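These are my notebook entries on one protein chain. I record what I looked up, entry by entry.

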Amino acid sequence: MDHFNLYNSLSKKKEIFEPITPGTVKMYVCGPTVYDLLHVGNFRGLIFFNVLRNWLKHLGYSVNYVYNYTDIDDKIIKKSKEEDKLVSEISSKFIQEFENDFKLLKISKASHNPKCTDYINDIISFISDLIEKKFAYVRNNNVFFSCKKFSAYGKLSGKNIEDLISGHRITINQDKENPIDFVLWKPSDHGEPGWESPWGRGRPGWHIECSVMANAILGDQIDIHGGGMDLIFPHHENEIAQSESKTGKKFAKYWVHNNFIKFDDQKMSKSLGNIIKARTFMTDYNPEILKYMILSVHYRSSINFSFKQIQQSIISLIKIYTALEQAQNTIKGECNISNISYFKEELEIVQTSFNNDINTPIVFAQIFNVIRKFNNAFKNEKNENIAKEFLAFFSLVGSILSLFSEKPKKILFELNLILLKEKNISLKQIEIEIKKRDKSRKEKNYKESDLIRDELLGKGIELKDTIDGTQWSVKL
RNA sequence: GGUCCUGUGGCCGAGUGGCUAGGCAGAGCUCUGCAAAAGCUCCUACACCAGUUCGAAUCUGGUCGGGACCUCCA
């Protein structure tokens, strides 16, 4: 695939990617509502869209990437009441917490991280414009968007207005002309945060902020708009309605949506209590594992997290870093190879796969092919050039995936420690046993040394004798 | 009820008309004091039924199963 093909939720097809303005890409991804720590699901989008951005940059585009914070919302207000704190205290706390989590991922930041409350004036003038153009109406200090005025309503989600009205699941609001109309501005009660507006003191509705911030920072038309697939309706549908009604232009050229993370085959949800916070995951396991797991499945398929899957990912990462360590140990001096020839074929497939709607599972398949090829070449002699090319391959692919930049020795130890947690043995015990065994081996008392090794193996610990001494690893 | 997605080997997971990824697990071999790592080899599947086609996991129709959205949600 010579061109970059990207699946567009709007056309439900892969399309050749061509930005509106040649050479530059404007990308907006809906960020979190900041009222709690984020879960791994939120991070799936973040990790995927980072790869998309990296790939676009690799293709030579200059990318303007906006990832927003929704810092005014009913959920934040609810939390502020529960905790008797200011809304701004809650939101700034969780923005900070998010940024702390984000740093652990070691991926580069978006170009902009706008906050909704910094754009209240823009929101007010955006809404005023919609009222002027008769797409919105005022009722009792509320402003509603009139969906039937926007004839293309439903084009993203494939819904039609009649079906939505006949559905029983829409809350009837007396002020609405039509049950499916949605609120652009609503009044704030005493004690709730609010801003003066032509419609009284109030705050923005649920969808307007993304339209406004995208417009303020990126302009009337953007190339890529992304988010989780549950945002398709109503959030993104409503964004289209607002933005296109205001500007009369097509809002986003490509709509890109990532699928969900399930846990033990169930959608993560608060009611089921199976939410995994990103921080918990990264503390219990490792950010590298999170990135690896998320990218090892195509972004439009759902992923299932389970303990077994996590273990498998750890094993795969150990395999990768073991080879990286081998290569790094082989080369002397700098590794500054720009031309990869030994792994040319695999690299081409990698590029084709990224071009094919960011098909990361195929990229991983190539990574393992490259590892096998490298190990094969190293069976007989240690060829420094191949090691350098191997590292160059990983440096290139790793920079797009934002993976594989850890120090092998360090992460291999950490990964094994994670696996060790599930075993009934401590690191200290293992070290003592290894010393005992070394002594026996030096005395050529192999019967004794094998006994020690077999006992450890029985507990799930494998020993391997290397030139650097005996090392241990966890066997599943 | 409406709209849409999906069903691949023991497990995970790509592939969307012929060449049949990759990982984990399992078996055998090479290497090694014995192991491990690594390599080689094997295990080779596409829910079911019909149709289109020289040829289908891949297209079409139907059946059955799983899931999402329609309500805040990544």
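**Entry 1: H1 and H9**

At what angle do the axes of H1 and helix H9 (residues 287-295) cross, and within what distance do they come? I work throughout with a predicted model. I found a crossing at roughly 75°, and the two axes come within 10 Å. H1 and H9 are therefore roughly perpendicular to each other, since angles from 65 to 115 degrees count as such.

I then listed the residues that meet. From H1 these are Val40, Phe43, Arg44, Ile47, Phe48 and Val51; from H9 they are Leu290, Lys291, Ile294 and Leu295.

**Entry 2: H1 and H13**

I next looked up the packing of helix H1 (residues 40-58) with helix H13 (residues 384-401). Their axes lie 7 Å apart, and the angle is about 130°. H1 and H13 are therefore oblique to each other.

In this contact, H1 contributes Val51, Asn54, Trp55 and His58, while H13 contributes Ser399, Ile400 and Leu401. I recorded four nonpolar and three polar residues in the contact of H1 with H13, and no charged residues. I also noted that Val51 meets residues in H9 as well as residues in H13.

**Entry 3: H12**

Which residues of H12 are buried? I noted Thr360, Val363, Phe364, Gln366, Ile367, Val370, Ile371 and Phe374. Seen down the axis of H12, these buried residues fall within an arc of 155°, so they line one face of the helix. The face turned away from them carries the exposed residues Pro361, Arg372 and Asn376.

I looked up the partners of the buried side of H12. Its buried residues pack against H1, H9, helix H10 (307-330), helix H11 (344-355) and H13. I also checked the length: helix H12 (residues 360-377) has 18 residues and reaches 26 Å from first C-alpha to last, close to the 26 Å expected at 1.5 Å a residue.

**Entry 4: H16**

I applied the length check to helix H16 (residues 446-458). Its 13 residues should span 18 Å at 1.5 Å a residue, and the end C-alpha atoms are 18 Å apart, which agrees.

The buried residues of H16 are Ser449, Arg453 and Leu456. They cover an arc of only 60° around the axis, which puts them on the same side of H16. The face turned away from that buried side carries Lys447, Asp454, Glu455 and Gly458, which are exposed. The buried residues of H16 pack against helix H15 (427-442) and strand E14 (461-466). After H16 comes Gly460, with a positive phi near 90°.

**Entry 5: Pro114**

Is Pro114 buried or exposed? I found 23 C-beta neighbours inside 10 Å of Pro114, which therefore counts as buried, the cut-off being 20 or more. Pro114 lies in the loop between helix H3 (87-105) and helix H4 (120-132). Setting aside residues up to four places away in sequence, Pro114 touches Val66, Asn68, Tyr119, Met213 and Ile217. I also noted that Pro114 and Ala214 are 100 residues apart in sequence, yet 9.4 Å apart from C-alpha to C-alpha.

**Entry 6: Backbone points**

Most residues other than glycine have a negative phi, and most peptide bonds are trans. I looked for departures from both.

Lys106 has a positive phi, near 55°, and is found in the loop between H3 and H4. Lys106 counts as partly exposed because 13 C-beta neighbours lie inside 10 Å. Lys134 also has a positive phi, near 65°, and lies in the loop between H4 and strand E5 (136-139). With 10 other C-beta atoms within 10 Å, Lys134 is exposed.

The peptide bond from Phe233 to Pro234 is cis, with omega near 0°. Pro234 lies in helix H7 (residues 232-247).

**Entry 7: The whole chain**

I closed with totals for chain A. Its secondary structure comes to 16 helices and 15 strands. The C-alpha atoms fill a box of roughly 90 × 50 × 40 Å along the principal axes. Of the 476 residues in chain A, 41% are buried. Among contacts with a separation of 6 or more, 73% join residues 24 or more positions apart.

Conventions: Residues numbered from 1 in each chain as written. Chains lettered and ligands numbered in written order. Predicted model: local features only at pLDDT ≥ 70, side-chain atom pairs only at ≥ 80, totals over all residues. Axes fitted to C-alpha atoms, helices over the stretch in contact; angles between N-to-C directions. Helix = DSSP H or I, 4+ residues; strand = E, 2+ residues; numbered from the N terminus. Parallel < 35°, antiparallel > 145°, perpendicular 65-115°, else oblique. Contact = placed C-beta atoms within 7 Å. Nonpolar A, V, L, I, M, F, W, Y, C, P; charged D, E, K, R; others polar. Expected span 1.5 Å × (residues − 1). Buried ≥ 20, exposed ≤ 12 C-beta atoms within 10 Å, placed from the backbone. Arc of directions from axis to C-beta.
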